[in-house]
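Reader: Got a minute to go through the salt bridges and a helix pair with me? Here's the thing I have open.

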Amino acid sequence: MKKILVGLAVLCLAAACTQPEPPAGEGGTVRQDARTRTQKDRLTIAVIPKGLVHQFWLTVHSGAEEAGRDLGAAILWRGPEAETEVMKQIDIIDDMITRGVDGIVLAACDTNALIDPVKRAVDAGIPVVTIDSGVESDLPVSFVATDNLKGAQMAADKLAELIGGKGVVGQIPFVPGAATSQLREKGFLDGMAKHPEITVLPPQYSMSDVAKGMSVTQDLMTAHPEMVGIFGANESSAMGAVQAIEAAGKKGQIKLVAFDAAQEELDALERGTIQALIVQNPFQMGYQGVKAVIDKIKGKDVPKQIDTGVTVITAENLESPEVRKLLNPMAPPAETPAAAPAEPAQTQ
């Protein structure tokens, strides 16, 4: 009987030692409370964008994943399909709190509606860093973003230059209540205030939808045939305007300056429908957002605001090394051509 009991004890011990890991969640994340993990386990950082469709967010994702690889963290990428799905984003945050992730990197769909979810995360001991679009709260550790006011002012100056400092221009922001959209509206108006001979029409929102952007651009062109310029505040607004301008045969007649650098926008820049792009650094937003939240977890000092920069891209500087690196940060550096082998010396 003693031998049987000893044998059973050994089997039970072996079984306990070989229990399988809990099932992995999205991004390979083990679904267990972060606060129960040992120090040997990787941190799990939830990165929650405003949307999943546009190239901008795909590049943010690349930067976050690169930071995860460099810093030894698992990245859990989850966001609403559309940037207008505020309640969906709130549900995602609450789910991440329940999962017990170690940190959250968030691009808020709405500057006010996301305050309470951020507070719930912080109250649960989960630090939050906002990127691209913040919230009206001091609770986030840091805000990692473009200086949207400055970028939109640069857009205003460039558009004013393109139209000769006078005329009627339209503006197409994206979502009312989104902090980024609000800042770009304000920056554009501030910039245009320096050009008294330019009349800026009231904003027409694309709702981050290309079809809607096309529709409001067509309405602007119909109501204001004298319009000579448009500011598109994001990728959807820009591409909606591009489609409307090209369909009306007004390429080059209506000057278009826009934010972001999706491939479709770059194509439109090359064929002359867009004259200038105000380009952010979404890769660095993803990377620096993850780095900032990990630094906070590790007790390091983190700046309250991190500016990821902005660049004006035109057809003239599109092929410069600096711009190519900005547009494709993961591309390997160009190889220097190997020197041709020396020809053997001729004998006399």
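Reader: Asp190 first: what's its relative accessible area?

Author: Asp190 comes out at 34%, so it counts as partly exposed. Keep in mind that this is a predicted model.

Reader: Ok. Which side chain does Asp190 meet in a salt bridge?

Author: That's Lys186, with an N to O distance of 2.8 Å. Both residues sit in helix H6, which covers residues 179-192. They are four residues apart there, about one turn of the helix.

Reader: And how accessible is Lys186?

Author: Lys186 has a relative accessible area of 45%, so it is partly exposed.

Reader: What about Lys119 and Asp123, how do those side chains meet?

Author: In a salt bridge, 2.9 Å from N to O. Helix H4, residues 115-123, holds both of them. Lys119 and Asp123 are about one helical turn apart because four residues separate them in H4.

Reader: Asp123: buried or exposed?

Author: Exposed, since its relative accessibility is 56% and the cut-off for exposed is over 50%. Lys119 is partly exposed at 42%.

Reader: How many salt bridges does the count come to?

Author: Twelve salt bridges.

Reader: Which residues are linked with Lys300 in a network?

Author: Lys291 and Asp295 are linked with Lys300 in a network of salt bridges. For the Lys300 and Asp295 side chains, the N to O distance is 3.9 Å.

Reader: Switching topic, helices H8 and H9. At what angle do their axes cross?

Author: Roughly 40°, and the axes come within 10 Å. H8 runs over residues 235-247 and H9 over residues 263-270. That angle makes H8 oblique to H9, because angles under 35 degrees would count as roughly parallel and 65 to 115 as roughly perpendicular.

Reader: Left-handed or right-handed?

Author: The crossing of H8 and H9 is left-handed.

Reader: Which residues make the contact?

Author: From H8, Glu235, Ala238, Met239 and Val242. From H9, Glu264, Glu265 and Ala268.

Notes:
Residues numbered from 1 in each chain as written. Predicted model: local features only at pLDDT ≥ 70, side-chain atom pairs only at ≥ 80, totals over all residues. Heavy atoms only, no water. Axes fitted to C-alpha atoms, helices over the stretch in contact; angles between N-to-C directions. Helix = DSSP H or I, 4+ residues; strand = E, 2+ residues; numbered from the N terminus. Parallel < 35°, antiparallel > 145°, perpendicular 65-115°, else oblique. Left-handed = near helix turned anticlockwise from the far one by under 90°. Contact = heavy atoms within 4.5 Å. Salt bridge = Lys/Arg side-chain N within 4 Å of Asp/Glu carboxyl O. Buried < 20%, exposed > 50% of the residue type's maximum accessible area, 1.4 Å probe, protein only.
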